[in-house]
Amino acid sequence: MKTSTFLGFISMAIAAVMTQGSIIDRFEEWAQTHSIDISDSSKHTRIYSNWLSNDKYIESTNAMNLTYSLGHNAFSGYSSEEFSELMGFDYNSVRSSGLGGLVQEQIKESLSDLPTSIDWREKGAVNPVQDQGQCGSCWAFSTIQAVESATAIKYGTLPKLSEQELVDCDTRTNGGRDHGCNGGLMDNAFNWIGKSDGVCDETSYPYTSGVSKTAGTCTMKSCSNIDNTDVISHVDIKVNSDTAMMTALSLQPVSVAIEADQKTFQLYSSGVFVGECGTSLDHGVGLVGYGTMDGVDYYILRNSWGSTWGDGGYMYLGRGNDPATGKPFNGGAGQCGVLGQASYPVV
């Protein structure tokens with residue numbers, strides 16, 4: 001063997017070892033950043049395998065120079081199946097079906113006087129992103145953020161209300177129809193808040209189910225409802241209509257249901273998300289505005305997976321037409337089905 005060939009093999013071997021070392025270093029840095037416990041060897045192996053698979057997926061996706069980018073977050077150690085179970089997508093999918101009879105009012109479409117963009121965060125009507133943790137309580141976070149924003153816009157003060165009160169108390173034994181950490185519907189929760197004449201604040205009724213993974217005992221009688229948080233009614237937005245959605249968003253933030261079980265959604269980091277995403281609604285979130293980025297229209301989606309997910313806890317979700325086809329996303333149902341089940345509260 002020639003010396004140059006031998007040295008080439010040695011260089012390749014060293015590079016491979018260095019690359020592997022670099023990957024392990026990045027994995028361990030990620031685990032430390034997100035406080036992921038990898039001390040147990042079997043748990044370490046499983047999480048590292050998932051993380052490595054997701055790392056390769058992130059790299060290959062970002063190499064395509066799409067309108068959005070993926071990146072590591074607190075959920076990079078989960079496979080798609082594990083992530084779905086963690087977030088309770090199956091529960092929420094069941095609870096999101098059969099919506100007939102919940103419609104109270106259809107918002108009227110209006111093309112006139114709609115702003116080209118709106119962002120309720122800039123208007124001081126949106127609280128910081130929170131983390132629902134290991135509880136299928138997305139519906140409660142979607143509901144509460146909408147009520148908080150509605151109160152701020154109408155009365156000038158942005159409250160921080162209790163998601164835990166809904167998780168614990170919006171049950172059949174308390175006159176509600178939702179299911180704590182096992183899913184629920186935003187319209188049901190709006191109705192429950194109306195019957196209860198408002199909601200307590202988070203300080204007096206803090207969120208604990210993200211850690212306990214279950215609902216607690218209802219203690220709403222031990223706290224007082226915050227003024228101006230009574231939901232008088234709610235408006236269900238006309239389905240499959242971007243104009244109706246934009247009209248609603250020009251008034252206030254909106255609660256919506258989407259499909260969130262795709263790997264691209266799990267690992268979303270920035271840009272306008274136009275990746276593959278269906279209409280099997282399994283997750284409740286909020287929309288807090290809309291606009292256009294580099295020629296691609298979007299909705300501003302506020303999630304409840306903490307600020308390490310997405311763009312500080314937010315996603316710019318494709319709006320209108322899919323740039324790849326020039327046709328409406330999902331035949332008019334919206335990207336990730338965002339136009340299929342939307343409503344907002346009247347306080």
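How many nonpolar, polar and charged residues are there, by class, in the lining of the largest pocket? The lining has 11 nonpolar, 12 polar and five charged residues. Here Ala, Val, Leu, Ile, Met, Phe, Trp, Tyr, Cys and Pro count as nonpolar, Asp, Glu, Lys and Arg as charged, and the others, Gly among them, as polar.

The model is predicted: local features need pLDDT of at least 70, side-chain atom pairs count only at pLDDT 80 or more, and totals for chains, interfaces and linings use all residues. Residues are numbered from 1 along each chain as its sequence is written, and side-chain values use heavy atoms, with hydrogens and water left out.

Start with the largest pocket. About 560 Å³ of space lies in it. A pocket is an open set of points on a 1 Å grid over the protein atoms alone, with protein on both sides within 12 Å along at least five of seven lines; a cavity is a set of points where a 1.4 Å probe fits but cannot get out; lining residues have an atom within 4 Å of a point. Grid points are joined across faces, edges and corners, and a volume is the space filled by probe spheres set on the points. The largest pocket is lined by 28 residues, and the closest to its centre are Ile36, Ala74, Phe75, Tyr78 and Gln134. Helices α2, α3 (80-87) and α8 (209-212) each supply at least two residues of this lining. Helices (H or I, at least four residues) and strands (E, at least two) are DSSP runs, numbered from the N terminus.

Take α2 next. This helix covers residues 41-62 and has 22 residues. From first C-alpha to last, α2 reaches 31 Å, close to the 32 Å expected at 1.5 Å a residue. The expected span is 1.5 Å times one less than the number of residues. Which residues of α2 are buried? They are Ile47, Tyr48, Asn50, Trp51, Asn54, Asp55, Ile58 and Thr61. Buried means under 20% relative accessible area, exposed over 50%, and partly exposed in between (1.4 Å probe, protein chains only). An α-helix has 3.6 residues a turn, so residues three or four places apart point the same way.

Now the rings. A search of the whole structure finds 19 aromatic pairs. Rings of Phe, Tyr and Trp (its six-membered ring) pair if their centres lie within 6.5 Å; planes under 30 degrees apart count as stacked, over 60 as edge-to-face and the rest as tilted. Phe75 and Phe83 form a tilted pair, 5.1 Å centre to centre with 55 degrees between the planes. Both Phe75 and Phe83 are buried. Phe265 and Trp309 form a stacked pair, 5.5 Å centre to centre with 25 degrees between the planes. Phe265 lies in helix α10 (residues 263-266) and Trp309 in the loop between β7 (296-302) and β8 (314-318), so the pair ties together parts that are 44 residues apart in sequence. Phe265 is buried at a relative accessible area of 0%, and Trp309 is buried at 0%.

The charged end of Lys263 sits over the ring of Tyr57, 5.8 Å from its centre. Arg319 lies over the face of Tyr299, at 5.9 Å from the ring centre. The test is NZ of Lys or CZ of Arg within 6 Å of the ring centre and within 35 degrees of the ring normal.

Finally, the backbone. Asn65 has a positive phi of about 55 degrees although it is not a glycine. Asn65 sits in the loop between α2 and β1 (68-70) and is exposed, at 68% relative accessible area. Asp294 also is not a glycine, with a positive phi of about 50 degrees. Asp294 is in the loop between β6 and β7 and is exposed, at 76%. Gly136 lies in the loop between β2 (118-119) and α5 and is buried, at 5%. Gly136 and His179 are 43 residues apart in sequence and 9.0 Å apart in space, C-alpha to C-alpha.
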